[in-house]
Every structure is written in structure tokens, then in C-alpha cells.
Amino acid sequence: MEFTHFGQVTEYLDSFSYTDRSSGPGFIRNVRLERMENLLAHIGNPEKDFKSVHIAGSKGKGSTATFIAVLLRAKGHKTGLYLSPHLSDYRERFTLAGEFFSDEFLISTANTLKEKVSTFRNPSELGYEHPSTFEMYTAYAYLLFSLSGCEYAVIETGLGGRLDATNTLQSTASVLTPIELEHTNVLGNTIHDIAVEKSKIIKPFQKVFVSPQCGEALDVIRAEAEAQHAQVHLFPEMIGSFSSETEKDGEKLSFSSTGGRHFELQLSVYGRKQAENAALAIMIAEEMGFLTDRGIKALSETVLPGRFEIMRHRGKTIVFDVAHTVNSLNDTVRTFRKLWPQGGVCIFGAVAGKDIAHMSRVITENFSNIIISRPGMFKKSNIDEIFRLMKDQVCDNEIQMISDNRAAMEKALEDEGPILITGSFYLAGELLSVLKDLK
């Protein structure tokens with residue numbers, strides 16, 4: 001039967017989650033690119049119908065991807081944008097530079113994909129015969145961009161880079177945002193190992209743009225770029241003077257390119273890291289020839305869901321932020337304390353594979369009222385471990401573990417101060433849904 005509403009589409013794509021573990025998830029990961037190449041070839045290689053910018057990193061890749069897409073669209077290019085995960089609506093994953101496709105087009109394209117995939121099977125040597133959910137979402141995004149006539153698409157990796165399903169692209173340019181310890185159970189336990197995985201999105205002879213990095217990650221990226229004869233553009237080499245200041249209405253950004261051009265922007269987002277993401281996107285656009293005054297204005301007005309997103313409920317200020325690495329969490333907390341020096345209550349949760357010990361320390365050093373809650377059920381999370389870590393780190397903070405998201409939100413709303421929700425995309429998404437349901 002054909003799909004008639006978008007809810008059926010997401011149910012169909014989610015149905016490709018693996019239940020038979022006979023081949024082992026590690027094995028499937030090792031042959032992921034061959035599996036994805038087979039799937040794309042079967043549906044007509046839609047990824048070849050548009051130019052692409054490919055982005056990997058531990059934090060900031062979704063924001064940077066959005067800024068680049070906005071700048072491309074302002075130049076007049078029809079631009080697809082593929083992000084993951086979503087915050088509250090599946091349609092956030094595949095958009096026209098942040099604007100949703102019509103439901104009619106989403107449904108018709110899904111029907112096309114379903115028909116094509118109905119005759120697809122992977123050979124036995126590549127494990128499960130059917131694609132994975134992420135492979136299907138990626139193929140769906142590429143088909144949307146192809147059939148809608150996109151000239152460009154900005155593509156964020158799902159996890160890592162080397163074996164990510166998106167790494168079947170032959171991208172025009174690659175972008176490496178800051179690399180930290182994350183997904184250690186899959187990508188490795190050191191910055192070096194994680195940087196190796198992420199740097200493998202670099203393609204031969206392309207332009208590579210690199211956010212501020214620690215020395216260990218930068219060494220890996222430079223080595224990979226040299227091996228691929230790629231042209232590296234580093235943030236400190238593109239940008240001379242740089243400053244940002246958190247204000248009530250957003251981040252005030254001021255910087256100069258090493259080429260001599262000066263930029264002053266009042267961003268609609270908050271935090272130094274977002275200012276760096278915006279500056280990097282502008283430098284990418286300038287280097288690649290799609291920077292316009294119209295684009296700079298559009299970028300300054302861009303709002304990013306779940307990136308220090310401020311809402312009001314019952315007279316309370318609530319900030320939703322998806323920071324899930326130590327450095328990004330530090331930036332989020334600094335921004336929060338800049339706007340509300342008196343502090344407030346923090347609802348925190350993180351999934352497995354994150355640097356829980358150091359993230360917990362950031363929270364306990366900045367909040368006296370902390371609620372630990374479960375970041376959904378999609379990925380594993382040990383909130384008992386987080387609770388124990390925080391209790392061991394401090395003795396005078398009020399730390400509660402309330403696994404039920406609705407109860408956690410209700411408890412936080414009892415506090416007089418502002419509320420910060422952070423630590424995970426999944427936690428922010430769950431609590432945003434809760435807030436919408438509360439009276």
C-alpha cells in the first residue's frame with residue numbers, strides 16, 4: 001500500500017532497525033560503505049545529482065551545516081540540508097536549507113523509495129539483506145534532494161565519518177568541526193582515534209575547512225589532507241581578530257578575515273561556539289564563491305532548534321540546549337551564567353559513550369539544583385551512574401534523579417530561577433515534547 005501521511009513514512013523507515021543480531025553489529029559497521037553503495041546504486045545514485053558539502057565533528061556540525069546551507073540558498077542555489085538526529089520533528093532531518101518540504105512531496109518521494117527498495121537485497125557476505133534505518137534515512141534524503149532539483153546539499157555525518165553511510169558522497173568540500181571524546185565505545189578512546197575516523201571524509205584534491213581544534217586532532221587532519229592532496233583552510237589562518245559577546249538578544253560577533261575584510265553581526269543564536277560556527281561558515285562561503293550581503297543578513301537571523309533555544313512557560317524561562325561534549329557544555333553553561341548570574345536549575349542527561357565524568361563536573365560546579373533525567377529510550381543511558389558521579393563530586397548540591405521526563409519538568413518548574421535542559425539531543429527532544437503537553 002502507498003503512504004498517505006508522513007507518519008507512515010517514518011514508521012516505514014524506522015522499521016529497518018535490526019532485530020537479528022546473528023551477523024553482529026561490529027561486522028555490519030565494517031561493511032557499511034559497501035552496503036550503502038549497493039543501496040544507492042539500486043535506487044539510481046541520487047547523490048550524484050547535486051554538489052555536496054560534507055561535515056563531520058563532535059560538536060557544532062549541525063549548526064555549521066545549517067549556516068552554510070543558509071548562505072548557499074541566499075546566493076540563489078536550491079540547497080538541501082541533511083541533519084541527524086532531529087529534535088522534535090522528523091522533517092528537521094531533511095530540509096531545503098531549514099525549510100520543510102511539503103508533506104505531499106515527502107510522501108510521494110517515500111512511495112518512490114519504497115517501490116525501489118522492495119526489490120533490493122544485500123548479498124549474504126554483507127550481513128543483513130535489508131538496509132539499516134540510518135541507511136534508509138540517508139537514501140531518502142538524497143532522493144528528496146535529487147527529485148526536488150537541489151543544486152547543492154549540505155550533509156552532516158551520523159556517527160564518525162570513515163564508515164558513516166554518508167561517506168559514499170564525492171563531496172565538493174569537507175568541513176571538520178571541533179573533535180572531542182564521544183562515542184568512545186565505537187570510535188575509539190582517544191582524540192587521535194576519533195580524529196582518524198572523522199578525518200576520513202576528506203576526499204582527494206578537495207577543499208577542507210577546519211574549526212579550531214586541539215593539537216592532536218589537528219595533526220591527524222593535516223596528515224589525512226596531505227595524503228589526499230587536499231587544500232586545508234584552518235580557522236586561525238582564515239580569521240585574524242575575533243570576538244563575541246553574549247547579549248540579551250543573541251551573540252554579537254566581530255571578526256576580520258586574514259584577507260582584510262571585517263564583519264560585524266548580531267546573531268540570533270547564543271554562545272562563543274556558535275559565533276565560531278557562523279564565522280567559519282562565512283569564510284567557507286567566501287572561499288567557495290557564494291558569500292553575499294543577503295546571505296550574511298539571513299545567517300544573522302537564523303535560529304537553530306535546540307541550540308540554546310529560549311522559551312517561556314508559566315512565567316519561567318526554559319533553555320533547551322543539545323550540548324553533549326565537555327567543551328560545548330562548558331560554552332552552554334558559560335552563556336547561561338552570563339545571562340542569569342544567579343543560576344537556576346539544570347535538568348541533565350547523557351547517553352552512553354559520552355565523557356560523563358567531565359560533563360558531570362561541569363554541571364556540579366555551576367549548579368546547586370540538579371535533576372538527572374533519562375534522555376529517551378532510543379539510545380542506552382545509565383542515569384544511575386551519572387547520579388553516583390555527581391554525588392561523589394559534591395556534597396552540598398541538591399541532586400535528584402527523576403527518570404520520568406514529565407515529573408522532572410514539573411519538579412524543575414517549582415524552582416524560582418531559570419531552567420537549563422542539556423546533555424543530549426534526546427533529552428532536549430523528550431522534554432520539549434513534555435513542555436508542549438503541559439498546561
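Which residues point one way from strand 14, and which the other way? V345 and I347 point one way, C346 and F348 point the other way, and all of them are buried. Strand 14 covers residues 345-348.

First, the ground rules. This is a predicted model, in which local features need pLDDT of at least 70 and side-chain atom pairs count only at pLDDT 80 or more, while totals for chains, interfaces and linings use all residues. Residues are numbered from 1 along each chain as its sequence is written, and side-chain values use heavy atoms, with hydrogens and water left out.

Some terms. Buried means under 20% relative accessible area, exposed means over 50%, and partly exposed is in between, with a 1.4 Å probe and protein chains only. Helices (H or I, at least four residues) and strands (E, at least two) are DSSP runs, numbered from the N terminus. Two strands pair if DSSP finds at least two bridges between them.

Back to strand 14. On one side, strand 14 pairs with strand 15, residues 369-372, in the parallel sense over 4 bridges. Within that pairing, V345 stands opposite N369. Strand 14 is also joined by 4 bridges to strand 17, residues 419-422, and those two run parallel as well. There, I347 has I421 as its bridge partner.

How does the chain get from strand 14 to strand 15? Helix 14, residues 356-364, sits in the path, and the three elements make a right-handed β-α-β unit. Right-handed here means that, with the strands pointing away from the viewer, the path from the first strand over the helix to the second runs clockwise.

M359 counts as buried because its relative accessibility is 0%. From M359 to D293 it is 66 residues in sequence and 39 Å in space, C-alpha to C-alpha.

Strand 15 then pairs with strand 16, residues 398-401, again parallel and over 4 bridges. I372 stands opposite M401 in strand 16.

Now the whole chain. It has 17 helices and 17 strands. The radius of gyration is 21 Å, close to the 22 Å that the globule rule gives for 439 residues, so the chain is as compact as a globular protein of that length. That radius is taken over C-alpha atoms, and the globule rule is 2.2 Å times the number of residues to the power 0.38. Along the principal axes, the C-alpha atoms fill a box of roughly 60 × 55 × 40 Å. Of the 439 residues, 60% count as buried.

Next, a pocket. On a 1 Å grid over the protein atoms alone, a pocket is an open set of points where a 1.4 Å probe fits, with protein on both sides within 12 Å along at least five of seven lines, and lining residues have an atom within 4 Å of a point. The second largest pocket has a volume of about 370 Å³. That volume is the space filled by probe spheres set on the points, with grid points joined across faces, edges and corners.

What lines the second largest pocket? There are 27 lining residues, and K59, P178, K273, N327 and S328 lie nearest the centre. Helix 11 (272-288) and helix 13 (326-339) each supply at least two residues of the lining. Helix 13 gives the largest share, 5 residues. By class, the lining has 9 nonpolar, 11 polar and 7 charged residues. Ala, Val, Leu, Ile, Met, Phe, Trp, Tyr, Cys and Pro count as nonpolar, Asp, Glu, Lys and Arg as charged, and the others, Gly among them, as polar.

Last, some backbone details. The peptide bond from S84 to P85 is cis, with omega near -5°. P85 is in the loop between strand 2 (79-82) and strand 3 (94-96).

A97 is not a glycine, yet its phi is positive, near 50°. A97 lies in the loop between strand 3 and strand 4 (99-100), and at 4% relative accessibility A97 counts as buried. F308, also not a glycine, has a positive phi of about 50°. F308 is placed in the loop between helix 12 (293-300) and strand 12 (309-313). At 3% relative accessibility, F308 counts as buried.
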